[in-house]
Amino acid sequence: MPKICAIRTDGGLLIGSGHIRRMCILAQYLKCHSLTPVLICREGTEKTFPELINEFTKVHVIYNEAEGPKLLAHYYGKSVSMVIFDHYGLMADTHNLYRNTALFIAAIDDMANRFMDVDILFDVNIGRTSKSYTGLLPDNAEVYAGSNYQIIKPNFFEIKHQCLNRRARRRGKIDRVFICLGGTDPLSMTSSVLDDVASALPDCTVDVVVGSLAPNLQSLKQMVARIRHRVNLHVDAKNIASVMCKADLAVGAAGTMTWERNCLGLPTIILIIASNQDHVGAEMERAKAAVVFDAKLNYPELGVKTALTELFGKPERVISLGKNAAAMGGHNGAKKISEIINVKIGERSV
């Protein structure tokens, strides 16, 4: 009998791709333990990210939250071992709907801002501990928190030491800048960042990473064409780790890519573009591991330009940012989470 791990998450232009991307990575590791990952998502996710959902054995689209448990019971019966939530918009009432469907209810979170009716909680955020969830979980819930549970692609770990050695040799010199404001760039800030980088660092090569669903993609392409030879535009890039490894400095959002940049020790100017990124930004700033700006309401043009100019003239600051960022990096969180899930399911199944 297959052991089904149902993953409830969504992705889209407004939500972005972070949740669905990290659950695709987790799905790969679940399959290594002979667990069967199936996706439950709202309409649109499967059309927005068709390549990503291939990691799941089956994809089920729902139109309201009550459909999920009924769907699982109909297709899989008593084979459902666990339901895993990765969704900021869902809380205890939705989790409870699945109580009679699976052996365990689990959640991946990094907000610690709502009550969740789960048996196991994985908080992948930096600076988190089990105390962050006091009063937010059932008394018997198990919490695994901190950077060691960060979910990023394994190829980042494969090139980690190579990249850190490269940065040591560079000694803080900036010749190449990496720009990425998330897979969908929901606030359309990439063009503004590129304009500032091109102005403040006119001799640097720039790699711009963006998804094909970004609303400002056409105008960005036109801008890149005007700047021409110094800018490389990567749309739906498959080799982000290698592109990031070549960079000396990044400008990016405080989303899940923060873990990737930290893994490779990439000094970064962080733009907080959503409220769920506040904690990450604060922790990175506290650790002096990034230059951080709140960009939720307005793009901080003067601040970004000033930071770019100052960092270019202060290689020792660049070195310090990179080292501190690397210290914030974790281990292979997806592997650790899948191992814990496999053990828990095995214990309950005996």
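Reader: Why is Lys 296 called partly exposed?
Author: Its relative accessible area is 28%. Buried means under 20%, exposed means over 50%, and partly exposed lies in between (1.4 Å probe, protein chains only). So 28% makes Lys 296 partly exposed. One caution: this is a predicted model, where local features need pLDDT of at least 70, side-chain atom pairs count only at pLDDT 80 or more, and totals for chains, interfaces and linings use all residues. Residues are numbered from 1 along each chain as its sequence is written, and side-chain values use heavy atoms, with hydrogens and water left out.

Reader: What makes Lys 296 and Asp 294 a salt bridge?
Author: The distance from N to O is 2.8 Å. The rule asks for a side-chain nitrogen of Lys or Arg within 4 Å of a carboxyl oxygen of Asp or Glu. The pair therefore qualifies. Asp 294 is partly exposed too, at 47%.

Reader: How many salt bridges does this rule give?
Author: The count is 21.

Reader: Which residues are joined into one network?
Author: Arg 166, Arg 170, Lys 173, Asp 175 and Asp 248, through salt bridges that share partners. One link is Asp 175 with Lys 173, whose closest N and O atoms are 3.7 Å apart. Asp 175 has 32% relative accessible area and Lys 173 has 48%. Both values fall in the partly exposed range.

Reader: What makes the strands from E1 to E7 an open sheet, and what is their order?
Author: The seven strands run E3-E2-E1-E4-E5-E6-E7, with parallel pairing. Strands E3 (58–62) and E7 (142–145) are the edges, each pairing on one side only. From one strand to the next the twist averages 20 degrees. Angles run from 0 to 180 degrees between N-to-C directions, and axes are lines fitted to C-alpha atoms, for helices over the stretch in contact.

Reader: How do you know that E4 and E5 pair?
Author: Two strands pair if DSSP finds at least two bridges between them. Strand E4 (residues 80–86) and strand E5 (residues 104–109) have four, in the parallel sense. So the pairing holds. Ile 84 has Ala 106 in E5 as its bridge partner.

Reader: Which strands does helix H3 touch?
Author: Helix H3 (residues 67–76) packs on the sheet and touches E1 (3–9), E2 (35–42), E3 and E4. Contact means heavy atoms within 4.5 Å. The direction of H3 makes about 145 degrees with that of E3.

Reader: Why are E10 and E13 said to stand at the edges?
Author: They belong to an open sheet of six strands, in the order E10-E9-E8-E11-E12-E13, with parallel pairing. E10 (231–235) and E13 (291–294) each have a single partner strand, so one side of each lacks a neighbour in the sheet. The twist in this sheet averages 15 degrees from one strand to the next. Within it, four bridges join E8 (residues 176–180) to E9 (residues 205–210), running parallel. Val 177 has Val 206 in E9 as its bridge partner.

Reader: What is noted about phi of Arg 171?
Author: Phi of Arg 171 is near 55 degrees, a positive value in a residue other than glycine. Most residues other than glycine have a negative phi. Arg 171 sits in the loop between helix H6 (160–170) and E8. Its 65% relative accessibility makes it exposed. Lys 288 also has phi near 55 degrees. Lys 288 lies in the loop between helix H11 (278–286) and E13, and counts as exposed at 62%.

Definitions and conventions
Helices (H or I, at least four residues) and strands (E, at least two) are DSSP runs, numbered from the N terminus.
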